[in-house]
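Dear colleague,

I am passing on the structure we talked about, and I would be glad if you could look it over. My notes come after it.

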Amino acid sequence: MYKLLFEINWQEVFVPSVSVLELILRGTLVYLSLFAILRIMPSRQVGTLGIADLLVVVLFAEAAQNAMASNYSSITEGGILVGTVIFWSYFLNWLGYKYQQIQRFLNPPPLLLIKYGKLIDCNLQKELITKDELMSQLRHQGVELLSDVKRAYMEADGSISVIPYEPSNNRSTSEKKDLKY
């Protein structure tokens, strides 16, 4: 019973049972594959996390969970996988910062959904957004009618930004105020 409770095989805890290069290769392939898949899929869910952020969180959780649950033979293996994920996340962000073409792939430009009160149906279909879902997002931003929207965009993170028309009454009132002063 004493051995079962207090004896620790330190070699199993810290020495990887798989080659370090294989761990780095596995982490790289999984990260880049998932990133590419998530980038190609429509960003239908409105959220605050970007694709890369979500991917890092999921892979960290998986790598750390496997290391803690001893699915790997050592903590070192989990640490190597987490380090690989950190490297690719940082490296892709750095590449996007340095090169505009890569930035466009990593964070796509905003997609126009409404222009001058009219829906852009082909863009809604591309992102798999129904009119009801879009109207729900408009209401969250205080817009009731499509005719009140000058432009609305689906942003890279899945959120929808709205540029409403300026109310004509307020404009004429503010213009009158400017004339008085």
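Predicted model: local features only at pLDDT ≥ 70, side-chain atom pairs only at ≥ 80, totals over all residues.

Residues are numbered from 1 along each chain as its sequence is written, and side-chain values use heavy atoms, with hydrogens and water left out.

Helix 8 spans residues 131-140, and its buried residues are Leu134, Met135, Gln137 and Leu138 (buried means under 20% relative accessible area, exposed over 50%, and partly exposed in between, with a 1.4 Å probe and protein chains only; helices are DSSP runs of H or I with at least four residues, strands are runs of E with at least two, and both are numbered from the N terminus). These residues lie on the same side of helix 8 because they cover an arc of only 160° around the axis, taken from the directions from the helix axis to the C-beta atoms. The face turned away from that buried side carries the exposed residues Asp132 and His140.

Helix 8 is followed by Gly142, which has a positive phi near 85°. Most residues other than glycine have a negative phi. Tyr116, however, has a positive phi near 50°; Tyr116 sits in the loop between strand 1 and strand 2 and is partly exposed, at 44% relative accessible area. Leu128, also not a glycine, has a positive phi of about 60°; Leu128 is placed in the loop between helix 7 and helix 8 and counts as partly exposed at 47% relative accessibility.
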